[in-house]
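Please look over the sequence and the model shown here.

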Amino acid sequence: GLLTVSGAFTAYRVSALRSIGGWSDTSSTEDIDASWRLQSQGWRLAFEADWISRVEMAPNLPALWRQRRRWSAGLGRALRDHGAACLFNGARHLPIVVLTLVSLSWIVSSLAFAIHALLNWSHTPAAASGLGAAVYLPVVIAGILAFYIQLFTSLAVDGRRPSLHWRSALIAPLYPIYFWGVLLSS
């Protein structure tokens with residue numbers, strides 16, 4: 001099953017939506033809100049591989065930032081409103097609540113680490129010895145390797161042959177940096 005649905009292309013049982021009181025007028029991310037309320041009531045979300053839909057992406061960086069900001073705010077509200085419910089009544093969204101809390105912790109700690117590193121860079125042993133970039137190179141290589149392992153694992157799980165251009169595969173490791181950068185800024 002799924003932990004949350006994408007709002008782009010979903011189908012719901014009418015009885016399921018009625019059991020949670022329908023759509024929330026106060027949520028800016030109705031897909032997350034409905035997913036978590038459904039799972040709090042014991043409903044199961046499922047994925048249908050034969051349903052294929054295309055999504056129109058934000059046309060520019062300001063539109064993407066506004067979209068991500070809305071999603072971040074909506075996720076925060078869903079966490080506040082429905083996070084604790086994952087512990088009761090056989091709710092199924094505990095993994096996504098834990099993942100959300102870990103992601104938020106990662107964002108805050110990354111921001112704190114980056115600020116600390118920028119303020120104290122000249123005082124580090126690596127900077128003093130001239131080895132600054134060399135010290136971090138293995139970390140960067142390990143991160144790129146981990147990304148490709150995740151990429152190929154997801155392609156294997158999906159069962160579809162990728163139709164990406166080879167240049168896209170070369171810049172693909174930059175996507176997590178871009179994604180988390182937009183998420184951090186929003």
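The text below starts with the basis of the model and then takes up its parts.

This is a predicted model, in which local features need pLDDT of at least 70 and side-chain atom pairs count only at pLDDT 80 or more, while totals for chains, interfaces and linings use all residues. Residues are numbered from 1 along each chain as its sequence is written, and side-chain values use heavy atoms, with hydrogens and water left out.

The pLDDT is the predictor's confidence in each residue, from 0 to 100. Its mean for the protein is 76, and 80% of the residues reach 70 or more. Helices are DSSP runs of H or I with at least four residues, numbered from the N terminus.

Rings of Phe, Tyr and Trp (its six-membered ring) pair if their centres lie within 6.5 Å; planes under 30 degrees apart count as stacked, over 60 as edge-to-face and the rest as tilted. By this rule the count comes to one aromatic pair. Y12 and W23 form this edge-to-face pair, at 5.2 Å centre to centre and 85° between the planes. Y12 lies in the segment before α1 and W23 in the loop between α1 and α2 (30-40), so the pair ties together parts that are 11 residues apart in sequence.

A salt bridge is a side-chain nitrogen of Lys or Arg within 4 Å of a carboxyl oxygen of Asp or Glu. The structure holds three of them. In helix α2, R37 and D33 lie four residues apart, about one turn of the helix, and their side chains meet in a salt bridge of 2.8 Å, N to O. Both residues are buried, where buried means under 20% relative accessible area, exposed over 50% and partly exposed in between (1.4 Å probe, protein chains only).

R77, R80 and D81 are linked in a network of salt bridges. The closest N and O atoms are 3.2 Å apart for D81 and R77, and 3.1 Å apart for D81 and R80. R80 counts as exposed because its relative accessible area is 59%, whereas D81, at 37%, is partly exposed.

Helix α4 has 27 residues and should span 39 Å at 1.5 Å a residue; its end C-alpha atoms are 38 Å apart, which agrees. The expected span is 1.5 Å times one less than the number of residues. The buried residues of α4 are I96, V97, T100, S103 and I107.

Methods. Helix = DSSP H or I, 4+ residues; strand = E, 2+ residues; numbered from the N terminus.
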